[in-house]
Amino acid sequence: MKALLEALAPGSEDLALARALDSTRIPAHIAIIMDGNGRWAQQRRLPRVAGHKEGVPAVRTTVETCAQLGVGALTLYAFSVENWKRPRLEVDTLWRLLRVYLRSELALMMRHDIRFTAIGRLDELPPQVRADLEEVTQKTSGNRGLRLNLAINYGGRAELVDAVKALVKSEAEVTEQSISERLYTAGQPDPDLLIRTSGEMRISNFLLWQIAYAELYVTETLWPDFTRAELLRAILDYQKRDRRYGGLGVSDASDLPDGAMEPVSLPAR
C-alpha cells in the first residue's frame, strides 16, 4: 500500500482513491475477466485485434497497481478454451501479443518481485508460446511478491475435470480439500473479488470452484479503458461489503436477541 501511495502524483484522483482504501482489507486475491477489447475496436471502426493491442497497457497498470497495493494474487482471464473458435488471424495475433508482453514486462515483474504463473491446458498451446511462458515462469520463480496467474487456454469445467482425473489417479479420498489441492491455483487463496469489465453479467466458465464466495464487481468500462482509478473503485466497493460466507452479517446478527433464530418466511398456500 505504501508503495502505491508513494508512486502516485500529488493531487491526482488516483491518490485520493488510494488514500480512501482501508489498508487492512486489501483483497488477498483478485480475479479479472478482461472483456470488451473487440467492442472497443468496433466502436472505433477498427479491426478487433486493435482492441487486444490497446488492452495491453491496462494489463500493465493493473498488475503494477496490485503489486504496489500488496495484493497476494491476481488472476487474469486471457484466453478461454472456447476462444479457439475465433478467426485464425485474431487467435494468431493474440499469441504474438502474448509473446511480446512476456518479453517486455519481465523487467517490471522483477522490479516488483512478481511471480508469474500460467494456468490452463498449456500443453495445447503453440510450442513457441509454451517456451516463452516457461521461461518467464522460471525467471520469476524466486520472487515472493504478487502471484500473477495468466489463465490461457483455460476453462473452469476443464480445470475441474483435470482435478478429478488427478484425484482418481491418486486414489485419495474425495473431499473439498483434496479437490482444491489439485486445481491449477492450488496453494493460493480463493479470490475475494471478481471483476468483470464490459458490463456482461456472467462468469464465463472462469474459476468456477474458486469463486464460490467471491464478491462480484461488474463495470460497463471496456477493458482497454480500464484504468488504475477503475481498479481502485472496485476495491473500494469491495471494502464496503459485508462478507457472510453463508452466515449472518454483522448487521443481521445484531438484530436478533441472544439465542434467537432468524425467522423464516413460508410461501402462502
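**View 1. The second largest pocket of this predicted model is lined by twelve residues.** Look for Asp190, Trp209, Gln210, Ala212 and Tyr213, which are the lining residues nearest the pocket centre. The space inside the second largest pocket comes to about 210 Å³. If you sort its lining by class, you will find six nonpolar, two polar and four charged residues.

**View 2. The largest pocket holds about 780 Å³ of space.** Here 31 residues form the lining, and Met34, Asn37, His52, Tyr77 and Ala78 lie nearest the centre. Two or more lining residues come from each of α3 (37–43), α4 (48–69), β2 (73–80), α5 (88–111) and β4 (147–154). By class, the lining of the largest pocket divides into 15 nonpolar, nine polar and seven charged residues.

**View 3. Six strands make an open sheet with parallel pairing.** Follow the strands across the sheet and you will meet them in the order β3-β4-β2-β1-β5-β6. The edges are β3 (115–119) and β6 (215–218), each of which pairs on one side only. On average, neighbouring strands of this sheet are turned by 20 degrees against each other, with direction ignored.

Note on methods: Residues are numbered from 1 along each chain as its sequence is written. This is a predicted model: local features need pLDDT of at least 70, side-chain atom pairs count only at pLDDT 80 or more; totals for chains, interfaces and linings use all residues. Side-chain values use heavy atoms; hydrogens and water are left out. On a 1 Å grid over the protein atoms alone, a cavity is a set of points where a 1.4 Å probe fits but cannot get out, and a pocket is an open set with protein on both sides within 12 Å along at least five of seven lines; lining residues have an atom within 4 Å of a point. Grid points are joined across faces, edges and corners, and a volume is the space filled by probe spheres set on the points. Helices (H or I, at least four residues) and strands (E, at least two) are DSSP runs, numbered from the N terminus. Ala, Val, Leu, Ile, Met, Phe, Trp, Tyr, Cys and Pro count as nonpolar, Asp, Glu, Lys and Arg as charged, and the others, Gly among them, as polar. Two strands pair if DSSP finds at least two bridges between them. Axes are lines fitted to C-alpha atoms, for helices over the stretch in contact, and angles run from 0 to 180 degrees between N-to-C directions.
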